Number of protein chains: 2
Amino acid sequence: MADLLSITFAALADPTRRAILARLTHGPATINELAEPFDMTLPSVSRHVKVLEEAGLVSKAREAQFRSCRLETLPLEAADSWLAEYRQFFSERFDRLEEQIKAMMAERAKDNPKQGEG
Amino acid sequence: MADLLSITFAALADPTRRAILARLTHGPATINELAEPFDMTLPSVSRHVKVLEEAGLVSKAREAQFRSCRLETLPLEAADSWLAEYRQFFSERFDRLEEQIKAMMAERAKDNPKQGEG
């Protein structure tokens, strides 16, 4: 059986499912409402919602006679915690890039000494 | 063809691949070095590295006679940016939880008025 973080990332590895989650940030929605912006059959949308539900990213609740879907963020928090470990390397990458740009500019200034004076 | 963010999330949806990335945060490593902590054949580890490479999460460079793998964080930054949109909902969830706990405690205090005095 796959671990929870793997199930979360696998559920997020689809643009339609990410769009469904984005829609649910505006509030709960029925499958019909979720299907509206997509050129997809209801069963297709249902299948995507089921994957999100199995990953704990969506829960279903009965409201009046409709079943509405809502966003559950706990798995996203776990994914965010995992990514947090890598955030320090993002800035290091930019630092390296900055050094390369400075070195390029220094090299250029050396080749064209007049440009620095103009 | 899948979009880059989907490819990234799919690559992250495996505990071995995440462990390989974690190892690479300590510096570049050869396939042999990456394979060490796993009960896996070299071809299996190579296949996982290939998935990471195709997702742009790992790059290979020739060092002396070895090819070493290094971590590339650009796809992780994109995943982090996507998750950032959901971070506001994490705190909301905790706020709701706090309200529920407070309501539960108030209910309990009402049922057992003496507990608050002891």
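This is a predicted model: local features need pLDDT of at least 70, side-chain atom pairs count only at pLDDT 80 or more; totals for chains, interfaces and linings use all residues.
## Where the two chains meet

Let's start with the contact between the chains. On each side, 30 residues take part: 30 from chain A are in contact with 30 from chain B. Putting the two together buries about 2700 Å², and carbon and sulfur atoms give 64% of that area. On the chain A side, A:R18, A:Y86 and A:F90 lose the most area to chain B, and together they make up 20% of what that side buries.

## Charged and polar links

There are 4 salt bridges between chain A and chain B. A:R18 turns up again here, as it forms a salt bridge with B:D3, with the closest N and O atoms 2.5 Å apart.

## What chain A brings

Five elements of chain A each supply at least two residues to the side that touches chain B: α1 (4–12), α2 (15–24), β3 (66–71), α5 (74–84) and α6 (87–111). Of these, α5(A) gives the most, with 7 residues. Sorted by class, that side of chain A has 18 nonpolar, 3 polar and 9 charged residues.

## A look at A:T8

Now for a single residue. A:T8 sits in helix α1 of chain A. Its relative accessibility is 3%, so A:T8 counts as buried, the cut-off being under 20%. Leaving aside residues up to four places away in sequence, A:T8 touches A:A55, A:L57, A:P75 and A:A79.

Note on methods. Residues are numbered from 1 along each chain as its sequence is written. Chains are lettered from A and ligands numbered from 1 in the order in which they are written. Side-chain values use heavy atoms; hydrogens and water are left out. Contact means heavy atoms within 4.5 Å. Buried area is the accessible area (1.4 Å probe) that two parts lose on being put together, summed over both. A salt bridge is a side-chain nitrogen of Lys or Arg within 4 Å of a carboxyl oxygen of Asp or Glu. Helices (H or I, at least four residues) and strands (E, at least two) are DSSP runs, numbered from the N terminus. Ala, Val, Leu, Ile, Met, Phe, Trp, Tyr, Cys and Pro count as nonpolar, Asp, Glu, Lys and Arg as charged, and the others, Gly among them, as polar. Buried means under 20% relative accessible area, exposed over 50%, partly exposed in between (1.4 Å probe, protein chains only).
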